Every structure is written in C-alpha cells, then in structure tokens.
Amino acid sequence: MASQGLGSYEASKMPRRSHRKSRAGCSECKRRHIKCDESRPACGNCSISSRHCSFLSSQPSLPAVRGAVTTPSPGPGLPFQPEESTSSRQSSPISPGDQSPVIQHANMIQLELFHHCMHSGFDLPSSSEHPGMVIPPAMLVEIALSYPFLMNEMLAIAALHLAHLHPTKARTYRHHAVGLQTHAMSIFNREMTKVNSENGTAVLLFSWLMTLHTLHDTRNSVDIHGFLDRFAHFMQLHRGVRTITAEAWQSILESDMGFILRENSKVVDNLDSGSHTAELEAYIRDSQRLNADEKSVCQDALNRIQWCLNRIDGPEKQHPSHFSTFLSLISWSVVIKVDFLRLVSERNPEALLVLSYYAMILYLCRDVWVIGISGQLLIQSVRLHLDEEFHQWLDWPEKMMNTLS
C-alpha cells in the first residue's frame, strides 16, 4: 500500500505534457475529454467515429470578404435587408475569436417565394399582342435586388398569390405576406427620403405592388358597410404613385421601363363620351351640390370609364383584351383628379354614383385574383351609403353586371 502511495505521489510530481487547449471545440469532444480539431462543418473526431457533431447545429462564422456586402437569408418573418458593408474587415481563416457576420440558415419559404417571382408573373393579365408593354419578371427581380423595400413587397405579393393557389397553406403564406409587407413599409419609410433618377423606377414598382396588395386585402373584407372606406384608401394610395414619382418621372421614362410606360399611357389617357354614362353626366352637370370644378372632376372620371364601356358594349365593339381592360382599371385611380377622391371621402352622392359605374370595370376583371368580387362589393357598399332617392342610379350598373356574367 505504501509503494502504491509512493508511486501515486511520484506520478503526481511528474510534469504533464503541454498541449494547446481547444476552448472552442465541439460539445461531443468536450464530453469525451479529447482535443477537437475544430474543423467544419463537422470536426474530425466526430466524422471518424460517426458521432453527431454540435458544429452541424450551430451557425458558423465565415470569413468576411473585402469589399463585399453580406445579405443573409432571414428567418421567418424577417426582412431581406443588406447588412453594413464588411469592407473594413480583413479576410482571415475561421478562428474562435472571429467576429464575422453570422450566416443564417436558408429560409426555404422565402426561397420558394423568390422562385415564384421569377417564374409565375403573378398570373396578372399580360398583353400577347404587345409583350413589350409588360414588365419582365427578370427586370423586376434585378431592380429589387438593389432595393430591400421592393424585394420585401415583391415577396409579399408572391406569398399572396401562392395563398390563392394553395388554399390548404393559405394561412402560412398570408402570415408571411403580412410580415414582409410590414418590413417593406418600414424600410421604405426609413430610407426613402427623396425620389430621384436613381431610385425612381424602384419606387414606382414598389408603389404599384403595394397598390395590388391593398386591393387584394380590400376585396377580402367581409364588412360591406366599411368596404367603401377601404376602397377609398386603396384609391388614395394608388393616386399617391403619381405624387411620389412626379419629380423623377422624366428620368423613369428614359429608363428601361420607359417604353412600357409610354405604351401603357396610350391606353389610360383616353377620354370618351357615350350613351352608357350620358344620363349620369347630365345629372352631374345640373347638380346643385357641386361647384364648377367639382362637376369637372366627376365628369372627367366618368368619361374615363365610358371609354372602356364603349369597347365592351358600344356600337363598334372592339372586345378589348383582358390586359387593356385590367390596365384601364388599375390606372383609373392614378389619372383621376385628387378632388374626386375628396368627394368620395365626403360621401358626395355624385362621386359615389361615378364610383358605382367603375364597379362594372372591376366586375369585368373579376377573374383576376387580386380583384375577385370587388365590383359586387363596391356597388353594394355604395348603395348602403346613399339615400334611397339615389338608388335608381345603381340599377343600371347592377343590370350590366348581370348581362356581362
């Protein structure tokens, strides 16, 4: 026993062989009390012994690249937002004290949304006769890559469209659509202090997508009485596109989108008169509630509706393409006068009657998923907000909807 005690004592006096401690090793190597080589994605010891290495479950730090801007793939509910430039950091091998940006796991849902943006076109009407009038998905994506507010809203629209296509997963997709839209608005309000020639196209596309998003959310309303307020909000938001991009409009026309905008303006800048709106136009002209300027803005809005009606039910029917009808519909709230929107918000009867005629154009585009039954909901809501003496004016738009069914 004494010799054993002496041996133990002598052994304890023997110097230990020095070695570099692995303070950043994997948890499995620490549990086994062996040195970890810290290799990635799994350390050598775990790879050889077929054990699960904790490095596989961690988020590795990768070396920063000089001059590069790192854009991590966000987790659910997080926006696509570039981080600060890492140009000041030196590229170096992975080390325990490395402070490089953490690389997130790929977000599969947002990758699915991005893929949908590239290949679906969102199932919006397109012009087969004039393909140059449609924004190619690749162009939209290329611009969005430089502007996080546009990227987030583009992905939000993709989520809404997928929710429409896959009802069983609609709740998940709509959750992402709400989150991405919120991030898009937050980024836009924080960063977009001035529209100029450089960002004008991105702002225009962002405003257009936000308008479609708002229209979709509006038509999903189940409150008929409150539908009019939400629809008025949609029109005000869309009308704001014109105000936001006014300073940069000329430079936008000179951009890659210039030809598309010029061709589209040939459709939306049309005014017309005809039998469909003649009686309502006369009623507006004789109105005692409106001054001369207010009569003018109501007649202007009505004539833009008549142009479209002439092509679907006029003496020389042209059977316009779904694209031109959709373009006329979506552009109407941009080209009408701002005072018309004021009259709508004030529940002016003449303005609401004009709006009921616009409901027919919405009805013509009921097959477009962002519109759906908006036409029926609008005319029902207008009826609720008008006194009974005006209801006779709603009979004809409702009859036309039944005829067009």
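Helix α14 (residues 322-335) comprises 14 residues and spans 20 Å from its first C-alpha to its last, close to the 20 Å expected at 1.5 Å a residue; the expected span is 1.5 Å times one less than the number of residues. Helices are DSSP runs of H or I with at least four residues, numbered from the N terminus. The model is predicted, with local features requiring pLDDT of at least 70 and side-chain atom pairs pLDDT 80 or more, whereas totals for chains, interfaces and linings use all residues. Residues are numbered from 1 along each chain as its sequence is written, and side-chain values use heavy atoms, without hydrogens and water.

A kink of about 25° in α14 is centred on Leu329, the bend being the angle between axes fitted to the seven residues ending at a residue and the seven starting there. Of the 14 residues of α14, 13 are buried, so the helix is largely enclosed by the rest of the structure. Buried denotes under 20% relative accessible area, exposed over 50% and partly exposed in between (1.4 Å probe, protein chains only).

Met192 lies in the loop between α7 (170-191) and α8 (200-219) and, at 16% relative accessibility, counts as buried. Beyond its neighbours within four places in sequence, Met192 contacts Phe149, Ile187, Asn199 and Val203 (heavy atoms within 4.5 Å). Phe149 is 43 residues from Met192 along the chain, with their C-alpha atoms 9.2 Å apart.

In the contact between α12 and α16, His276, Thr277, Leu280, Tyr283 and Ile284 of α12 meet Glu350, Leu353, Val354 and Tyr357 of α16.

Terms used
Helix = DSSP H or I, 4+ residues; strand = E, 2+ residues; numbered from the N terminus.
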